[in-house]
Amino acid sequence: MTLKFFSLLATLIVFLSFDAMSQVNGVVKDVNGETLIGAAVKVKNTSKGTLTDIDGGFQIDANPGDILSVSYIGYSDIDIPVTTQQYYEIIMQESDIILDQVVVVGYGTQRKVDVTGSTVSVKGEELAKQPVMTATQALQGKVAGVQILGSGKPGESPTVRVRGVGTALAGTTALFVVDGVLTDDISNINTSDIVSMDVLKDASSTAIYGARGANGVIIITTKRGTTGATKINYNNFVGYRNATNIVKMANASEYANYASSATGQTVVAGDVSTDWYREILRNAFVHNHNLSISGGTEKMSHFLGFGYLDEDGIVLNNNFKRLDVRANLDYDLFTFLKIGLTSSYSNSINKDVNLGAAYNNAYRAAPIIPGKVDGRYGNTSQYQNVGNAILDLSNNDIRNLGNRLQASAYAEIVPLSGLKYRSMIGLDRNNYNNRSYNYQFLNDETTFLTSGGNQVNRQSYLNVFNEYNFRWVWDNIVTYETTFDKHRFTFLAGTTAEAFNGNWFSASRKDVPAVKDLWYINTGDANTSVNSGGGDAWARNSYLGRLNYNYGDKYLFTGTIRRDGSSRIAQENRWGWFPSFGVGWVVTGEDFMKDFTLLETLKLRASWGRVGNDRIPSDAFTVTITPNQAYPFGGGIAVNGSAITQVKDPNLKWETTEETDLGIDYALMKGRLYGEFGFYTKTTRDLLINVKLPATAGDEDGVILTNAASIKNTGFEAAINWRDAVSSKLSYRIGANITLNKNEVTGLNGGEPILDGGVGAAQIYTTKTDNGQPVGAFYVYQVLGVFQNEEEIKSYQSAAGQVIQPDASPGDFKYQDSNGDGRIDDKDRVFIGSYQPKTYFGLNAEVNYGAFDLSFDIYGNVGNYIYNGKKALRLSGLDNIEKSLAYGRWTPGSGIQDEPKANSGYLPASTYYIESGDFVRLNNVTLAYNLPESMLGKAHINSAKVFITGQNLLTLKKFTGFSPELSGDSPTRAGIELNAYPTTRTIAAGVNVSF
């Protein structure tokens, strides 16, 4: 039915287009040749008007003698007389007054002043200043309400959270829309190819994406060609990275003193003092190169981009390489028909490392054992049952190969002024191959300096994992804009369909010959083969509509409706409605505000919306039967049969998020001071959570996944910016943003609290997600201090006179008997905050003086906690300790209350491991010099810039571990430092040249 409808619609549009011969078209650009999205183009003294599209293009009915009036916020208005020509290239000059921005919204563009939801736009040139792999990392600290948690690991994308955590078990990743193609990952996108990133934060803005909008939406627009001479641009940076912070461990003499006390044995320091972190970390080289070619005629434009990134990790043997190519083409076939292609291909090679084992062992390994001498390794496992961290990184070869193709093609028909039909089909093909090889080595003196121990791999091992994913999306959107008197309407309606299909297989063998780069699965021992495979498939179908209304640039209304169907949801609940509405009042448009010349713009806005989340396993509601064997008569002969081992909820439904948003947008003093304030309440209902089942249900894990909880996020956001020109040579800008957010589980409704965050054998769980607490709240024993003597132990009694810790000894921790029952057990645990910050903020500034540009960014957060889990991994009195503990541990008579005596580890989860996650970081500093035109002219160079930049130069923090930025792989166990890749500091220099 849908295909027939759009076929008829397309036929009608083409037919009507033959009456549209009075149209003129063109493009609106700034003085640098960049196209302007959402510029208003009107025929003066008439009701005819339109906005430029995503390529800066426009089409409008006009006759010779008419006047085209073009306006764009932040630029001076311009009038263009219409002649007999049909194509116009309009260049706009930037104004001293910034009223606001123009933003890309779902399936279209709007002037920021017309937007009733909460959106923020960041220019690509701001993102490209930072030497990072993904644009989301460069977004950190620039947008209120958006938290970016970065990683120093090459090839790894940061975690993006928009207005807090809204789910516990479903996906938390924001939706990315790259030139219309929906994706969860943009690690393949070259930051230099980006024009803008538009962040849609509230449900009113994201409701147009329905089931995909619950975690926020980030729309990325990439560069396209413009009319005019061919332009060539080359930019690069070259630099070094190192760890911003390295945990200081005890040296040989400090270790020997502590280990002797912990074990009661005599440990001799010897002549060796190994700093194991220094052994496995390094200064890492990185270089990045980008070349683009763009241009076009009145009919056709093109943009070609090429990028190459080569980044060494700061951990030994770690490296990431990425080659990317982009081709964006647009062609005006007729005045009423435009077609185009957007495509990108990336190829990546990630030489990964066994970081978990290496970091754990580097933390625990005794410094009295050498790391590596003359090709042989120090035998830490023979001394203390801990592996040699250098060997952990050297005895394996892990290669991740990625090939990804993203492409979309569109046709856009404008039969009448204001009416536009756009059909776009996009695809995302992602092939991934992982090859992991473990070398054979023995625990003798061919490998180690001494023989023995348990660090040994008697058989080589090869595992190959291949994954093939394909996703397509097809949008058919009709937009109609009309204006009469003071009324301006924009209607949008359409359908969108999306499908995903993926499969994977894994194969492994032992005794595969160690021939570098020639490891094949069929060369090993066939008797050790282990093979497995699987796949996934899902589909969505949607119908959507939106109405934007503007009366006199004063009163605004936006209404959106979307109906989504998802194959991931049970049949009875498969379809969902996702509505939203927003209203706005531009107060400064009123007559009574005419005399308030200081206030340039004041807009009040309010919105409400509902969005969904279906990011759950595709078989979450489907009962599967597992073949097995049983002895039905209590013994004897096994009988083949089948059993249901996992009970499923056949009525599983959407997680639904409702959000109310109130905001104020303002501009003062001719636009020099501008910003916004916002308040929001976001509640996610029907949260997916596990509910306990009776033992008679026959379920393997005793729980069923169902909709049985709610999460609430409430917050305040503020952004303030100031810019001014002191003279013709000196100008500057400074901006700040802050976000306050409270996250709370508001109703488990029979669901089981989620216990998670296990650290080693002694700490089965460290977090508990429960009513009245944030998701992933730390749930541990409260340390009251350290027992100084036997008398303190005996006097620590319950109300009934019972000694609470009878097995304690002086120097042990004193734990709080929270429930007063006279003993310490799990019932005494208490909630101690979570990894989610109560406040996070950003500060950015830029100074331009003559040919010099200086900019910096600051980012930080306060009010959260980090669990220093690596301290809990000590399993022996011979394990190493941090330098602070070597001098700060309890000893008889010291009176120390915050560190225990020398011990062998295995301490329970407690507040001892919880530390403040507050930090402030100098995120980026960039100094650039623009070479003078007199120097460039002879070389036929249009512009050239040289720069030096520093990333993560300084971090002020209380946390004693590597980095307070810890996301984790799940919201219920985030914020625990075990083996997180350290945050890196980068010093780089580069050039940007245009021909």
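Biologist: Let's start with Phe995: is it buried, partly exposed or exposed?

Modeller: Keep in mind that this is a predicted model. Phe995 sits in the segment after β52 (984-994). Its relative accessible area is 37%. Buried means under 20% and exposed means over 50%, so Phe995, at 37%, counts as partly exposed.

Biologist: Which residues form a nonpolar patch on the surface with Phe995?

Modeller: The patch has about 610 Å² of accessible area together. Alongside Phe995, its members are Ile232, Leu291, Phe306, Leu323, Val325, Tyr345 and Leu405.

Biologist: Now for the inside. Which element gives the largest share of the largest nonpolar core?

Modeller: That core has 65 residues, and Tyr255, Tyr277 and Leu281 are among those with the most contacts inside it. Elements that give two or more residues to it include α6 (276-280), α7 (355-364) and α5 (252-263). The largest share is 6 residues, and it comes from α5.

Biologist: What does Leu281 touch, leaving out residues up to four places away in sequence?

Modeller: Leu281 is one of the residues with the most contacts inside the core. With those sequence neighbours left out, it touches Ala243, Ile246, Ile314, Val315 and Tyr359.

Biologist: On to the strands: how many bridges join β38 to β39?

Modeller: First, β38 (residues 710-725) runs antiparallel to β35 (residues 673-685), with 12 bridges, and Phe679 stands opposite Phe716 there. Then a hairpin leads from β38 to β39 through 4 residues. Ala718 has Ile738 in β39 as its bridge partner. β38 and β39 run antiparallel, and the number of bridges joining them is 16.

Terms used
Residues are numbered from 1 along each chain as its sequence is written. This is a predicted model: local features need pLDDT of at least 70, side-chain atom pairs count only at pLDDT 80 or more; totals for chains, interfaces and linings use all residues. Side-chain values use heavy atoms; hydrogens and water are left out. Two strands pair if DSSP finds at least two bridges between them. Patches are made of residues with over 30% relative accessible area and no salt bridge: like charges are joined within 9 Å, nonpolar side chains (Val, Leu, Ile, Met, Phe, Trp, Tyr) within 5 Å. Accessible areas come from the Shrake-Rupley method with a 1.4 Å probe; for residues, only the protein chains shown count as cover. A salt bridge is a side-chain nitrogen of Lys or Arg within 4 Å of a carboxyl oxygen of Asp or Glu. Buried means under 20% relative accessible area, exposed over 50%, partly exposed in between (1.4 Å probe, protein chains only). A nonpolar core is a set of buried Ala, Val, Leu, Ile, Met, Phe, Trp, Tyr and Cys residues joined through side-chain atoms within 4.5 Å. Contact means heavy atoms within 4.5 Å.
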